[in-house]
Amino acid sequence: MNTQVEIAGVKFKNPVMTGSGTFGSGMEYSDFVDLNKLGAVVTKGVANVPWPGNPVPRVTEVYGGMLNAIGLQNPGIDVFVERDLEFLKKYDTKVIVNVCGKSVEDYLEVVERLGNESRVDMLEINVSCPNVKEGAIAFGQNKDALFDITTRIKKVAKQPVIMKLSPNVTSIAEMAKAAEAAGADAISLINTITGMKIDIHKRKFALANKTGGMSGPAIKPVAVRMVYEASHAVKIPVIGMGGIANGDDAIEFIMAGATAVAVGAMNFHDPYTTEKVVEGIESYMKRYNVEDINELRGIVE
Amino acid sequence: MGKKKKTEAKVLSQAILAEGIYDLWLETDLAMDAHPGQFVGVYPTNKSTLLPRPISICEVDRDRSAIRLVYRVVGSGTAEFALYQPGDYMMILGVLGNGFPLTEAAGKKVVVMGGGIGGPPLLQTAKELSGKGDVTAASVTAVMGYRNQETFLADDFRKYSELVIATEDGSVGTKGNVIDAMRQQNVECDVIMACGPMPMLRAIKAYAQEKGIKAYISLEERMACGVGACLGCVCKTKEVDHHSYVHNTRICTDGPVFDAEEVEI
C-alpha cells in the first residue's frame, strides 16, 4: 500500500500535514503525536521581525468551529531559525515554513533567508490571513496582486513555493490560475473564512479584532467545494484543508482533487488528530483495496 | 512532570455547592502529576463544540488518584458538565500550565486570596502549604471574596488555613472586597497567591507593591489549544517574553500563574 505523495519533487511519506498556526512548530504537540509519522509539519507563519499580534480575546468558539484573530504573532525569522528549525532537525518529516509579511519586501527577506536552510523543504506563502491590517490577505484577494507577489517570491526562492489562498474571494479558480501563471509550485486552501460573533450579554464583539477567521468542521463543505474548483482550474498540486477531523474527511478532500491535506483547528479538539488521520486514510485504503493513495485523487468528476 | 495527554476520567461524585457552582471529583492518573494552580481542559461531548474548557484543579487526592474541579456553569459546555453522574466518563486534557510557586512560600506567612470562582485553585495551594505537601509555609491565611452568604468551600479552607471572608453584600465577614478584608482584619503576610476577576487581581498587584511583598496571580483568558501552540491566550508582559520575543506571554503554558510584577494587567 502506498501513501506517499509528491509535490514539486518533494516526497511526503503520507499526505497528512499540519495547518499553519494550529501546531506551532510541532514542539507543543510532540507530547501527543510522533512527528515522524506525519507527511509534513507546516509551521506557524513567520515574518522578518517579531510581530506582537492582536489584542485579546483572540479566540472564540462558534457552532461547529471557532473564530481566531491571533494576528500572526511570531518571534521573527532569527529566533525561528535558531530555535524552531533546530528543533525540527530531530525529526524525519518534511518541513514547510509558512511565511508572512506586511510588504512584498518583508516576504522576500524571509524567503531569501530561508534559502540557505536545508531543513526547509518547501515554503508556504501566507497571502490569506484575514486578521492583519497590512499585507497578508491584501495580496490574496486581488489576482493581479497575487500574480505580482508570487512572481517576485519565485525569483528569489530556493525551495518550491506553495501559495496559500483565501476563501474570501469571488472566484477561487481565478486566484488559483493567477498563482499558477506566476510560477507557484503548488497552492494550499482554504485559509479561514472571515466571520463575526457578538456576545449579546455583554453587548460586545466576542473578539477584540471584531472579526476573525472561522475554522473547524463547520467550514468543511465550503473547503471541499473550493478544493474541487481550484484543482480543476490548475495543473499544479493542491493541498486541501478546512475542518478535517478524521481519515474519511481527508479522503473526501483527496477525491475533490487534493494531493495532500492539512489538519488545523481539530488539533485543538484532539491533539492526536493528525496521527488519527494518517491511520484513518490507511484503514480506508485497506477497506476498499486501494493500492496507491494517488489513485483516489480527483476521482470524483 | 509527566507528558500532557488527553484521557478519559471517571466521575466519582458531583454536588452543587452554591447557585450555579458545581463540585466534581474525577478519577484520573493525571492526579499523580497535578500541582496546585494547574488546570485541565474538559471536553463537552456535544458535537457542535470544538474546544476544551479550562478548569482549575481545586484539590488533589493521590490516594484515590482523583482531582476535584469546582466550576461555575457559564455556558452550554459547563451546563453539560453539570449533568454528569457518578460512573460517567469525561474526556480531559492535562495537566496544563504551571501552578503556584510553592517554594517561594517556604517558611513564610502566606495569604491565598480568591474571588468568586477564582477561589478553588487556592484550596490545594493552602492544603499543601499547611504541611500536606513538600513545602510548608510559616502560616497560611485564606482571604476569600464572595457575592453573598453562599460562601462555597469555606469549610474546606478552614481545614488548612485561617479563613477571612469578604462579601459584596456584607452578609458574611467584611463588607467589600478581599483587600478591604485584609486591611480591616489586619492580615499580615510576606507573600500572596491569588486567583479571581481582573479588577481584584489589579487591586492585589497594587496592594503588594504598596506593602513591598510578592504576589503571584493566576490569570484567565479565552483559550483554544491549551498547550501553547495557538497563541490565543496571551497576556501583556513588562519585559520581552522568553518564548514569544514580544511583550506577550502564553497564559496556558507559561502561566496561568505569574509574578504580578511581570505582567501588565
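The model is predicted, so local features need pLDDT of at least 70 and side-chain atom pairs count only at pLDDT 80 or more, whereas totals for chains, interfaces and linings use all residues. Residues are numbered from 1 along each chain as its sequence is written, chains are lettered from A in the order in which they are written, and side-chain values use heavy atoms, with hydrogens and water left out.

**Fold and dimensions of chain B**
- Chain B has six helices and 16 strands, taken as DSSP runs (helices H or I, at least four residues; strands E, at least two).
- The radius of gyration of chain B, 18 Å, agrees with a compact globule, because 265 residues would give a value near 18 Å by the rule of 2.2 Å times the number of residues to the power 0.38, over C-alpha atoms.
- Along the principal axes, the C-alpha atoms of chain B fill a box of roughly 50 × 45 × 35 Å.

**Burial within chain B**
- Of the 265 residues in chain B, 61% are buried, meaning under 20% relative accessible area with a 1.4 Å probe and protein chains only.

**Interface of chains A and B**
- At this interface, 37 residues of chain A are in contact with 31 residues of chain B, contact being heavy atoms within 4.5 Å.
- The two chains bury about 2,800 Å² between them, 59% of it on carbon and sulfur atoms, where buried area is the accessible area (1.4 Å probe) lost on being put together, summed over both parts.
- On the chain A side, Glu61(A), Phe268(A) and His269(A) lose the most area to chain B, together 21% of what that side buries.

Methods:
Buried means under 20% relative accessible area, exposed over 50%, partly exposed in between (1.4 Å probe, protein chains only).
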